[in-house]
Amino acid sequence: MTFYVENETDGELPFQAEDVVKLVCEAVLEAENCPYEVQVNVVLTDNAGIHELNREYRGIDRETDVLSFPNVDFSEEGVFEIDEDREADYFDPDTGELLLGDIMVSVEKVFQQAESFGHSVEREFAFLVAHSMLHLCGYDHMEDEERLVMERKQEAILQGLNITREQGTALR
């Protein structure tokens, strides 16, 4: 599995973002029983950068914490059944990996929300990566029922990694 992490900000996280991305992404893929090796791109940006993307792609003129850009059109959330006629769109021809999508995280929001929620920066970052990975796996939270499913999955993944509000992260 390949996880690319690019930092487009001057801000630095107090941990190795690549390590948290790998840990959380692998846990989500395992929980979702993904049968493929995957490729995920994570871009660390700032509030101004994510504000621009949110306006451009979602028509929402404000900053947000995380944006997900799925590459796979799932017929059902978390069901990795790829039609043969779509394989060229979804798989890297060189590596054979499923191109799951891109995640954009505002580093500024990570710090702001960690302080606001009273937990570690690592826990907030891990939460946003788990949340976004579930979007890349076809989940959404437009309806209450969908939101509850995502919340349960996020919490189970983070608990399974011992990344709790009290503990912070399993990487320490």
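Reply: Let us begin with a helix pair. H1 and H5 pack with their axes 9 Å apart, at an angle of about 40°. That angle makes H1 oblique to H5. Angles under 35 degrees count as roughly parallel, over 145 as roughly antiparallel, 65 to 115 as roughly perpendicular, and the rest as oblique. The axes are lines fitted to C-alpha atoms, for helices over the stretch in contact, and angles run from 0 to 180 degrees between N-to-C directions. Helices (H or I, at least four residues) and strands (E, at least two) are DSSP runs, numbered from the N terminus.

Me: What kind of coordinates are these, and how are residues numbered?

Reply: This is a predicted model, in which local features need pLDDT of at least 70 and side-chain atom pairs count only at pLDDT 80 or more, while totals for chains, interfaces and linings use all residues. Residues are numbered from 1 along each chain as its sequence is written, and side-chain values use heavy atoms, with hydrogens and water left out.

Me: What is the handedness of the crossing of H1 and H5, and which residues meet there?

Reply: A crossing is left-handed if the near helix is turned anticlockwise from the far one by less than a right angle, and right-handed if clockwise. The crossing of H1 and H5 is right-handed. Contact means heavy atoms within 4.5 Å. On the H1 side are Ala17, Val20, Val21, Val24, Cys25, Val28 and Leu29, and they meet Phe125, Ala126, Val129, Ala130, Met133 and Leu134 of H5. By class, the residues of this contact are 13 nonpolar, no polar and no charged. Here Ala, Val, Leu, Ile, Met, Phe, Trp, Tyr, Cys and Pro count as nonpolar, Asp, Glu, Lys and Arg as charged, and the others, Gly among them, as polar.

Me: At what angle do the axes of H5 and H6 cross?

Reply: Helix H5 (residues 121–136) and helix H6 (residues 144–160) have axes that come within 10 Å and cross at roughly 130°. That makes H5 oblique to H6. H5 passes H6 in a right-handed crossing. The contact involves Arg123, Ala126, Phe127, His131, Leu134 and His135 of H5, together with Met150, Lys153, Gln154, Glu155, Ile157 and Leu158 of H6. These residues divide into six nonpolar, three polar and three charged.

Me: Is Leu134 buried or exposed, and with which residues is Leu134 in contact?

Reply: Buried means under 20% relative accessible area, exposed over 50%, and partly exposed in between (1.4 Å probe, protein chains only). Leu134, in helix H5, has 0% relative accessibility and counts as buried. Apart from neighbours within four places in sequence, Leu134 is in contact with Val28, Glu32, Tyr139, Met150, Lys153, Gln154 and Ile157.

Me: In what order do the strands of the sheet lie?

Reply: Two strands pair if DSSP finds at least two bridges between them. Four strands form an open sheet in the order S1-S2-S4-S3, with mixed pairing. Strand S1 (2–7) and S3 are the edge strands, each pairing on one side only. From one strand to the next, the twist averages 15°. Helix H1 (residues 17–31) packs on the sheet and touches S1, S2 and S4, its direction making about 140° with that of S1. Helix H2 (residues 47–58) lies across S2, S3 and S4 and runs at about 45° to S3.

Me: How many bridges join S4 to S2, and how many to S3?

Reply: Strand S2 (residues 38–45) runs parallel to S4 and is joined to it by eight bridges. Strand S3 (residues 66–70) pairs with S4 in the antiparallel sense over five bridges. As for opposing residues in S4, Val42 stands opposite Ile103, whereas Val105 has Leu44 opposite and also Val66. Seven of the nine residues of strand S4 (residues 98–106) are buried, so this strand is largely enclosed by the rest of the structure.

Me: Where is Asn33 found, and what is the phi of Asn162?

Reply: Most residues other than glycine have a negative phi. Asn33, in the loop between H1 and S2, has a positive phi of about 55°. Asn33 is exposed, with a relative accessible area of 63%. Asn162 lies in the segment after H6, and its phi is near 60°. With a relative accessible area of 40%, Asn162 is partly exposed.
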